[in-house]
Amino acid sequence: MTASAASLDALVERLARARDERERRALLRRHAATAGAALVRRLADETTRRARIDLREAESLARAAARIADDLQDSYCRGRAMRATAHVHLVRGQHREALASHESSRATFARAGEELEAAITETAALQPLSYLGCYRRAFRWAAHARRVFERRRNRVRLAMLDINTANILVRQDRFREALVLYQRACFACRRLKRPGHLALALANIAVCQSCLHAFDDAVRTYRRARASCLRHGLPLVVPVLDYNIANLHCGRGEYARALDLYRATRTHSNQVGDAYHAAMCDLDQAELSLELNLVAEATDLAGSARRKLDDLGMAYEAAKALNVLAIAASRTGDHRRALSLFTDARRRFRRERNPIWPAQIDLCRATVLLEARRIDMAR
């Protein structure tokens, strides 16, 4: 490592650990002019790396990158800083804010003729796009990014694109198609020695295996992913894995263990400001409460989840919360409210272009109509 690189790393570390904004600004005044664009690149890279380790430090670095980029009036630096900011929003579960930053970053790179950087931003934007229900644009951006990466033979970026594209398919319950992409990414990450990306691919493979009821395979895959995160210094990923493991225990009927993990993950998510996983713990625990016929608890948790998920713009997950509320209402004999909630949930799933959930809801509606003695409508 050269002396200049060493001094740059030392400056990044000091910026990350600055006690407050005043100390951070003083550091930038003394050093930013000489470090310039190289510092912005380093700050942006570190923001992405630290976002899964220490979110507070990552946010500090993203702010520093944005300030230097504004001072430099440099398009490339601005694009990198905005993408780093988007990544922090994404980890916090702030998907509208993440997408807005990604859009600004992509447009900045496109104007500057930075084709590769624009494609990298498109790949990163796939998650907030899909979470906000913008599926057409997500698939369009994914196709454009793939053309760019294939032309440049960039295998690392193609692996990340496979993971992010598969994430879209999972939200549409297309688990077998998603598995093909995750497994291809897993093979590439192992060969390219990318442990962080490998852990991500493994975790997503386990999600698909669980959804396909291959529970034993999912347990083994989660253990590999969790061990990889701990081995390679990714502690903030572990609670996310524990959340998915809780879902797996729930699917196997191991409810006590699932409840413990939901509570632990919700606590951790609230501590680090991860609104998405906090809401998802409410939703999944509500579904578990229904399994245990704890209707009042399920209603409270699902109502909380719905409010949080609506605030986050998470239409797919909010529709699942409505479905839980509808089932809970049917359990209390409130058929009119149940049918109204089912109708709202079904409408939302159709907007999400999900072919499975509307059919499941039709079955639930038929059951409620039978209970209400409305036989022809049930049929």
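So, just after helix H4 sits Gly93, with a positive phi of about 80 degrees. Helices here, by the way, are DSSP runs of H or I with at least four residues, strands are E runs of at least two, and both are numbered from the N terminus.

Before I go on: this is a predicted model, so local features need pLDDT of at least 70, side-chain atom pairs count only at pLDDT 80 or more, and totals for chains, interfaces and linings use all residues. Residues are numbered from 1 along each chain as its sequence is written, and side-chain values use heavy atoms, with hydrogens and water left out. pLDDT is the predictor's confidence in each residue, from 0 to 100. The protein chain averages 89, with 94% of its residues at 70 or more.

At its start, a side-chain oxygen of Asp74 comes within 3.2 Å of the backbone nitrogen of Tyr76. That's a polar contact: N or O atoms within 3.5 Å, where within protein one must be able to donate a hydrogen and the other to accept it, and residues adjacent in sequence count only if both atoms are side-chain atoms. Buried residues in H4 include Tyr76, Cys77, Arg80 and Arg83. Buried means under 20% relative accessible area, exposed over 50%, and partly exposed in between, with a 1.4 Å probe and protein chains only.

What about the core? A nonpolar core is a set of buried Ala, Val, Leu, Ile, Met, Phe, Trp, Tyr and Cys residues joined through side-chain atoms within 4.5 Å. The largest has 81 residues, and Tyr182, Tyr262 and Leu309 have the most contacts inside it. Helix H16 (residues 315–331) gives the most to this core, eleven residues. A second, separate core has 17 residues, among them Val40 and Cys77. As for Tyr182, its contacts (heavy atoms within 4.5 Å) include Ile163, Val170 and Cys208, leaving out residues up to four places away in sequence.

Now Asn164, over in helix H8 (residues 155–171). Its relative accessibility is 11%, so Asn164 counts as buried. The Asn164 side chain reaches the backbone oxygen of Thr123 at 2.8 Å, and Asn164 also touches Ala124 and Leu126.

Asp173 has phi near 60 degrees, lies in the loop between H8 and helix H9 (175–192), and is buried at 17%. Arg353 is at about 60 degrees too, in the loop between helix H17 (335–351) and helix H18 (357–371), but is partly exposed at 44%.

Cys250 is in none either, with the sulfur of Cys281 nearest at 12 Å.

How values were computed. A disulfide is a pair of cysteine sulfur atoms within 2.5 Å.
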